[in-house]
Amino acid sequence: MTKVLAGITTSVDGYIAGPDDGPGKGLGEGGERLHYWVFGGPWTYEGESKGEPTGEDAAWLAGMVSRVGAVVGGRWTYEAARHWGDQNPWGLPFFIVTHRPEEEPPGGAFTFVSGVQEAVERAAEAAGGKDVHVMGGADVIRQALAAGLVDELTIIVAPVVLGGGKRLFEGFSKSLDLEHVGVRQSPWATFIDYRVKRR
């Protein structure tokens, strides 16, 4: 049965991006440190030299990717990533939640939808029996959690304090019951997996 997974990297003080995030600097000022685990160590937007994840980072990522058949993301993330150069980075059906679905780019790499419920439903249909991954940004993950759509939540904590930026649970007022199901750690991140309990 298809599950809906949500996962995002946060700083120790709860930020998913540093200050002044946007196109060309999607993780904000100093935010590159959040994704050292993704690229096997330090990198910067200016340097553009990026490696590959290794060890526990690579193992967690490979395990997650093997489960996923479709992806949901937010419009801000799409814009901040500069549309990933109009190339789908997942190679899977990718649904972007936006208030302007009519602006969908040509080429079919991304499908624009008007709400998180529709995005998750369409992703589940497209996933071919595999799971759906809600990748963020934070607003899309909050919406999916608030709507009761998420079965499993992974918080990836990077060993950095950003001191400002965008918070994962900013303005989130719903109570969630989580069951701890796993943890793994690397020099660059701690992966905490939860099952979202239904009331």
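Q: Which residues does V134 touch?
A: Contact means heavy atoms within 4.5 Å. In this predicted model, V134 touches V4, L5, A6, G7, V72, V120, V140 and I141, leaving out residues up to four places away in sequence.

Q: What should I know about the source before reading on?
A: Residues are numbered from 1 along each chain as its sequence is written, and side-chain values use heavy atoms, without hydrogens and water. The model is predicted: local features need pLDDT of at least 70 and side-chain atom pairs count only at pLDDT 80 or more, while totals for chains, interfaces and linings use all residues.

Q: Which members of the largest nonpolar core touch the most other members?
A: A nonpolar core is a set of buried Ala, Val, Leu, Ile, Met, Phe, Trp, Tyr and Cys residues joined through side-chain atoms within 4.5 Å. Buried means under 20% relative accessible area, exposed over 50%, partly exposed in between (1.4 Å probe, protein chains only). Here the core has 29 residues, and V72 and V134 touch the most other members.

Q: How do I read an aromatic pair?
A: Use the distance of the centres and the angle of the planes. Rings of Phe, Tyr and Trp (its six-membered ring) pair if their centres lie within 6.5 Å; planes under 30 degrees apart count as stacked, over 60 as edge-to-face, the rest as tilted. The whole structure holds 13 aromatic pairs. W37 and F191 have ring centres 5.1 Å apart and planes at 90 degrees, so they are edge-to-face.

Q: Are W37 and F191 buried or exposed?
A: W37 is buried at 5% relative accessibility. F191 is buried at 0%.
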